Amino acid sequence: MNQPRTVRELVEWLVSSIHEGVWLPATPLPPERGLAQQLGLNRSTVATAYLELQARGLVDRRQGSGTYVRGDLWGITPDWPRYMERAAFRPLAPIARQIAEARQQDGWDFSEGDIGSDFWPLDTLEHLLADVELKKVLGYENPLGLPALCEAVSLEMKRHLDVDVDPGSVLITAGAQQALYLLARGLLHPGDTIAIEKPSFYYSQALFQSSGVRLVPIPMDKDGILPDALTQLIRNHRPSMVWLNPTYHNPTATTLSLARRHAVVALCSTWNLPIVEDDAFAHLRVAGTPQMPPPLFRLAEQSSVLYVGSLSKIVAPGMRIGWIAGPRAIIARLGEIRRQIDAGTPGLVQALAAGLLASSLWPNHVEAVSHALRDRRDAFHRALWGFAGLGATWTPPAGGLHFWLNVGGSVPDHVRLQWAVNVGVTYAPGRLYGADDGFVRLNYARLSPGKAERGLGRLKDAINGEAVL
Ligand SMILES: Cc1ncc(COP(=O)(O)O)c(C=O)c1O
């Protein structure tokens, strides 16, 4: 159905959406103002349509809490919420939903976790796509991955990180996120404990919670996790693994120092603890900053570290190409699990990724992104000057995509985010990552410097409480 324009069309649209299960019985419809904004209608049009739904007996209006699809419609549909509640996966945290909803609006989105399409190597990918021999990639492939891509990843890990990995020790995944899923499901039991940075990547936290894995947070400072705190925590909680994102950490952008890397590796070796090294941002060094320290995968006995890489940040997240490098027996086992889940990553994108990594243009692309990041980071840093006046503090990142601001204050993150959303700005609040209230993660790379500067001006006023609507 086309975008509704009149009350009658809107009522029809809402009725069919309820029947299609867009909103289930006993759940709320969107607030009038939000829906009006989303559809480009007057609020009064939405209010009238909601009254009409009430008159037809489809919804209840509850004073102060909105409009709900009537619960007794269950007679005509199954009790879906019960099914969803009993299943393994937890719903997203309310603040994650708040961000997802805010992203729907036009305006300034600083919340995303990728470099943005300005930097995707589209011409190279288009040429490579034209050259893919479909006959060779459309079968049920080896669930470990296309041999050409495993080989290309192994060569890239040598080129970029100076690590030797046999192609047979590489498993291609649908992004780093699926790698984390396979590791959590393949190697951990419900009830296990893992040690993980506080704060940390939201979706890994959500995944562990859904898997029944308990998280114990490792405190961090500007040089990454504190080895002494990790020692204490191992003694107290006996985790079964240590999960780290040591380079250009999400969300804080810090990098674990070389001395601490050695300390963490030694500590985990003493306790015979495996490490998962999530290195999704490894290629995103800002030009002019020091080379990052070697990965834990190089510093430790390789059989004790499972390394996770990704092309999402340096190429494009929609490629959904990531990988795990680790002991061959573990890789083989994870491949068996992968076979059970979805039979492997689509051959077509794997062929594209293999072509890209093997292309003579690849190192130029990595270099070009690094320089572009420097320009965008420096412009963003200049545009942030006004935040210093609010007492905010930050360190310009040496890599990755984010500024991590401590804006302090006593306002809960979800309230402050709503102030920003009201003036058209979205960002990722620290709470999303398990930080205390008062932190703001801003992607500096996606918006042009001019647009970013205008958005930051609005955000500053909103954070200050000046622009609350
Ligand atoms: C630390 C970290 N790990 C993994 C991922 C998932 O990346 P991918 O798109 O490769 O699944 C992200 C995405 O933001 C991330 O920040």
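## A tour of the predicted model

Select Glu112 and Arg103: the two form a salt bridge, with the closest N and O atoms 3.6 Å apart. A salt bridge here is a side-chain nitrogen of Lys or Arg within 4 Å of a carboxyl oxygen of Asp or Glu. Glu112 is partly exposed at 22% relative accessible area, and Arg103 is partly exposed at 34%. The cut-offs are under 20% for buried, over 50% for exposed and partly exposed in between (1.4 Å probe, protein chains only).

Before moving on, note that this is a predicted model: local features need pLDDT of at least 70, side-chain atom pairs count only at pLDDT 80 or more, and totals for chains, interfaces and linings use all residues. Residues are numbered from 1 along each chain as its sequence is written, and side-chain values use heavy atoms, with hydrogens and water left out.

**Domains.** Colour by domain: domain 1 is 7-85, domain 2 is 108-118 + 364-463, and domain 3 is 122-360. These bounds come from an automatic or database domain assignment. The C-alpha centres of domain 1 and domain 2 lie 35 Å apart.

**Ala179.** Go to helix α9 (residues 175-187), which holds Ala179. Helices (H or I, at least four residues) and strands (E, at least two) are DSSP runs, numbered from the N terminus. Is Ala179 buried or exposed? Ala179 is buried, at 0% relative accessible area. Show its contacts (heavy atoms within 4.5 Å). Leaving out residues up to four places away in sequence, Ala179 touches Thr173, Val308, Trp323 and Ile324.

**An open sheet.** Select β13, β16 and β15. These 3 strands form an open sheet in the order β13-β16-β15, with antiparallel pairing. β13 (402-406) and β15 (428-429) stand at the edges with a single partner strand each, so one side of each lacks a neighbour in the sheet. Strands pair if DSSP finds at least two bridges between them. β13 and β16 (residues 439-443) pair over 5 bridges. Within that pair, His402 stands opposite Asn443 in β16.

The whole structure has 20 salt bridges. Select Asp437 and Arg431, whose side chains meet at 2.8 Å, N to O. Asp437 is partly exposed at 30%, as is Arg431 at 44%. Next, pick Asp461 and Lys460, bridged at 3.5 Å, N to O.
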